[in-house]
Amino acid sequence: MKMNKLKALEKDEIELIHGKTLELLEKIGIKVESEEARSLLKENGGIIDNDTHFVKFPENLVLEQLKHVPDSFTLWGSDGSFNFEVNT
C-alpha cells in the first residue's frame, strides 16, 4: 500500500515545535514512575528528581540521541496485515 505524503506544517512551524519540546524536556521533564527506568535514564544523562519522579533531559543529550534515530522504520498493524515505512 502506497501512502501519500502529507504536509501539515511548514518548516518554521516544525522548528518552533522542536525548540519548545527541547525546552520543556529540559526545564520540566517527564514523570517516570519506574525506579528502574529512572535509574537507567540517570546513567545515560537524565537529571532525576526522586521526590517527584520527574526526569529532565538536557538539550545536548536529546540532540545527541537524535543522531541515533534510523533513517526509516516500519510500523505494523496489530495483525500484521497492514504496514508502512516511515522515513525520518
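**Ground rules.** I am working with a predicted model, where local features need pLDDT of at least 70, side-chain atom pairs count only at pLDDT 80 or more, and totals for chains, interfaces and linings use all residues. Residues are numbered from 1 along each chain as its sequence is written, and side-chain values use heavy atoms, with hydrogens and water left out.

**Arg38.** I looked up Arg38 in helix α2, residues 35-43 (helices are DSSP runs of H or I, at least four residues; strands are runs of E, at least two). Arg38 is buried (under 20% relative accessible area; exposed is over 50%, partly exposed in between, with a 1.4 Å probe and protein chains only). I found no salt bridge for Arg38 (a side-chain nitrogen of Lys or Arg within 4 Å of a carboxyl oxygen of Asp or Glu). Glu35, the nearest side chain of opposite charge, is 4.7 Å away. The Arg38 side chain does reach the backbone oxygen of Glu33, at 2.9 Å. Beyond four places in sequence, Arg38 has contacts that include Ile48, Asn50 and His53 (heavy atoms within 4.5 Å).

**Ends of α2.** Ser34 caps the N-terminal end, with a side-chain oxygen 3.4 Å from the backbone nitrogen of Glu36. Gly45 follows α2 and has a positive phi, near 110°.

**His53.** I placed His53 in the loop between β2 (47-49) and β3 (54-56). Its phi is positive, about 65°, although His53 is not a glycine. His53 is partly exposed, at 23% relative accessible area.

**α1 and α3.** I checked which residues meet here: His18, Leu22, Leu25 and Glu26 in α1 meet Glu59, Val62, Leu63 and Leu66 in α3.

Note on methods:
Lys and Arg count as positive and Asp and Glu as negative; His and the chain ends are not counted. A polar contact is a pair of N or O atoms within 3.5 Å; within protein, one must be able to donate a hydrogen and the other to accept it, and residues adjacent in sequence count only if both atoms are side-chain atoms.
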